[in-house]
Amino acid sequence: MQTPEEKIKAFDELMKGEFVLMHVDSRKPGVTVPENLLNNPALVLKLSYQFQGKIERNDSGIEAYLLFNNKYELCILPWTSVWGISPSHGQQILWPEDIPKEVLVQLAKNQLGLMMKKLFFGKKIKERRPDETQFPEAATTSEKTEPSETDPKKNKGQHLRLIK
């Protein structure tokens, strides 16, 4: 586990920007978040000094009043629960030894999937969310097309078209 001083230094520097995303293991002792966010090894909370809720950083962690469903709630994030910080711009900072094992396993699976696609498709594949098309070289669109004189499916309506 990294020392709190390293995380404090990173937090102070990154909070000079617009906002940061705090990557937190909400199962850790001392974490206070709304009940529906507890027991999440990969909780992400957005913090900014531009928000109306108060944010304080001390040697043990961060205390912030964050807005959830139009209600401000106190969130306490001990440094022991923080495993990464992503700024509004630039590279995220991760403390690998603090990343929960479940998160590491998921990251490894995602990277393995990307490597397999690259191997089988022979080109660089951009990372995709799970809900996006699995094959980047083809996408489908549903649109009405005018049938041609030789089209045996005249007036059939909707057609799918592959886009290269």
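The following legends describe close-up views of a predicted protein model.

**Figure 1. Overall arrangement of helices and strands.** The protein contains two helices and nine strands. Along the sequence, these elements follow the order α-β-β-β-β-β-β-β-α-β-β. Of the 164 residues, 29% are buried. The protein exposes about 11600 Å², of which carbon and sulfur atoms supply 53%.

**Figure 2. The salt bridge between R57 and D12.** The closest N and O atoms of R57 and D12 are 2.9 Å apart. R57 belongs to strand β3 (residues 55–57) and D12 to helix α1 (residues 4–14), so this pair ties together parts that are 45 residues apart in sequence. R57 is partly exposed, with a relative accessible area of 31%, and D12 is also partly exposed, at 30%. The whole structure holds six salt bridges.

Figure 3. The side chains of D25 and R27 form a salt bridge with an N to O distance of 2.9 Å. R27 also forms a salt bridge with E102, where the closest N and O atoms are 2.6 Å apart. Because R27 lies in the loop between β1 (20–24) and β2 (43–47) while E102 lies in helix α2, the latter pair ties together parts that are 75 residues apart in sequence. Shared partners join D25, R27 and E102 into one network. D25 is buried, at 4% relative accessible area, whereas R27 is partly exposed at 36% and E102 is partly exposed at 42%.

**Figure 4. A nonpolar patch on the surface.** The patch is formed by L112, M115, M116, L119, F120 and F121, which together have about 640 Å² of accessible area. M116 lies in helix α2 (residues 101–121). With 36% relative accessibility, M116 counts as partly exposed.

How values were computed: Residues are numbered from 1 along each chain as its sequence is written. This is a predicted model: local features need pLDDT of at least 70, side-chain atom pairs count only at pLDDT 80 or more; totals for chains, interfaces and linings use all residues. Side-chain values use heavy atoms; hydrogens and water are left out. Patches are made of residues with over 30% relative accessible area and no salt bridge: like charges are joined within 9 Å, nonpolar side chains (Val, Leu, Ile, Met, Phe, Trp, Tyr) within 5 Å. Accessible areas come from the Shrake-Rupley method with a 1.4 Å probe; for residues, only the protein chains shown count as cover. A salt bridge is a side-chain nitrogen of Lys or Arg within 4 Å of a carboxyl oxygen of Asp or Glu. Helices (H or I, at least four residues) and strands (E, at least two) are DSSP runs, numbered from the N terminus. Buried means under 20% relative accessible area, exposed over 50%, partly exposed in between (1.4 Å probe, protein chains only).
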